[in-house]
Amino acid sequence: MDTQILAVEHLNKCFGKAEILHDVDFSVSRGDVYGLVGQNGAGKTTLLRLIAGLMKPTKGNILCYMEKDYIGYLPQSCRFDDGQTVTSTISFFSTLRKVDKDEGILLCKKLGLDMNKKVKHLSPGQQKKLQMVIAMIGDPDFYILDEPTAGLDPSATFEMSKLIRELHEKGKSILLSSHILQDMDAICTNVAIMESGSLIYDRELESSYIVSTSPLPEEVMVALEGRYSLGINADHTTLHVKTDKKGVARLVKILVLQSVDIYEVTRSSVKNVVQEQLHMVGEV
């Protein structure tokens with residue numbers, strides 16, 4: 001259990017006769033950024049609210065192994081007391097977590113928030129930044145971030161993504177839900193896919209590449225299979241190779257020496273994983 005910060009065991013949630021979550025079972029290890037993806041209505045927000053303690057499960061267990069007794073929770077949407085200023089809002093949440101408000105004030109200034117402005121006068125993007133600051137107050141061990149970049153402009157999206165990367169670099173554990181898959185590629189160590197209230201995929205993101213080529217001769221395929229863990233399409237023109245940067249560079253050299261044309265080399269992404277898995281579900 002020392003490596004885990006969260007364990008979700010056979011979790012079910014019903015509202016009346018409607019089953020929203022069915023037998024959800026997964027764990028988050030310390031230092032992981034665990035990406036949760038799925039279509040609207042898949043159950044992601046309900047799952048995150050259950051883990052955050054805002055709702056009780058119908059069945060199953062949620063076990064947290066944290067040194068601090070609070071989670072850094074950024075909800076998908078949040079209503080503030082519109083009459084309060086940024087400073088008074090930070091002061092309130094700092095008092096709840098029994099920490100000095102200076103920490104939150106420094107974070108707000110870093111993100112360019114006007115401390116004297118009333119919350120009701122903040123833009124949606126600025127309110128999202130304030131939510132993130134509140135989540136970070138007290139330096140939690142574990143964060144739950146529900147659509148942290150939704151509704152943000154490109155500049156604010158960059159700032160939010162940078163904050164999340166910095167948390168990961170500090171060794172924090174993060175459970176992250178997002179519809180913006182490209183934002184997850186640079187920060188997620190694991191990805192899970194929800195479909196109709198169930199987890200249909202849950203794995204560590206492996207270092208892999210997709211290589212588009214001219215048709216590969218059989219003898220080249222045999223030689224590669226002895227060196228790489230790979231898959232290939234029916235036309236022998238697209239390789240999916242599990243390797244690192246140095247490995248894919250060596251692969252390219254081998255293919256060039258064998259007079260194989262290389263059209264494109266791309267790193268496998270969260271988007272690739274999601275598209276492949278949802279396509280497989282659609283074929284079942």
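**Entry 1: cavity**

I searched the whole structure and found one cavity of 30 Å³ or more. The grid had a 1 Å spacing over the protein atoms alone, and a cavity is a set of points where a 1.4 Å probe fits but cannot get out. Grid points are joined across faces, edges and corners, and a volume is the space filled by probe spheres set on the points. This is a predicted model, in which local features need pLDDT of at least 70 and side-chain atom pairs count only at pLDDT 80 or more, while totals for chains, interfaces and linings use all residues. Residues are numbered from 1 along each chain as its sequence is written, and side-chain values use heavy atoms, with hydrogens and water left out.

I noted a volume of about 60 Å³ for the largest cavity. Its lining, meaning residues with an atom within 4 Å of a point, consists of P148, T149, S161, I164, L176, S178, I180, D183, M184 and I187. Helices α5 (154-169) and α6 (181-185) each give at least two residues to this lining. Helices (H or I, at least four residues) and strands (E, at least two) are DSSP runs, numbered from the N terminus.

**Entry 2: second largest pocket**

I then looked up the second largest pocket, which holds about 210 Å³ of space. A pocket is an open set with protein on both sides within 12 Å along at least five of seven lines. Residues I71, Y73, P75, C78, F80, F93, L96, R97, Q131, I134, A135 and I137 form the lining of the second largest pocket. The elements with two or more residues there are α2 (86-96) and α4 (124-136). The largest share, three residues, is that of α4.

**Entry 3: six-stranded sheet**

I traced an open sheet of six strands in the order β5-β6-β7-β3-β8-β9, with mixed pairing. Two strands count as paired if DSSP finds at least two bridges between them. The edges are β5 (72-74) and β9 (198-204), each with a single partner strand, so one side of each has no neighbour in the sheet. The twist from one strand to the next averages 10°. Axes are lines fitted to C-alpha atoms, for helices over the stretch in contact, and angles run from 0 to 180 degrees between N-to-C directions.

I checked β3 (residues 33-38) against β8 (residues 190-195): they pair in the parallel sense over five bridges. V37 stands opposite I193 in β8. Helix α4 packs on this sheet, touching β5 and β6 (142-146), at about 165° to β5. Contact here means heavy atoms within 4.5 Å. Helix α5 also packs on the sheet, touching β3, β6 and β7 (173-177), and its direction makes about 150° with that of β7.

**Entry 4**

I traced an open sheet of four strands, β11-β12-β10-β13, with antiparallel pairing. Strands β11 (229-232) and β13 (262-267) are at the edges with a single partner strand each, so one side of each lacks a neighbour in the sheet. β11 pairs with β12 (residues 238-242) over four bridges, and the bridge partner of G231 is H240 in β12.

I found helix α7 (residues 218-225) lying across β11 and β12, at about 150° to β11.
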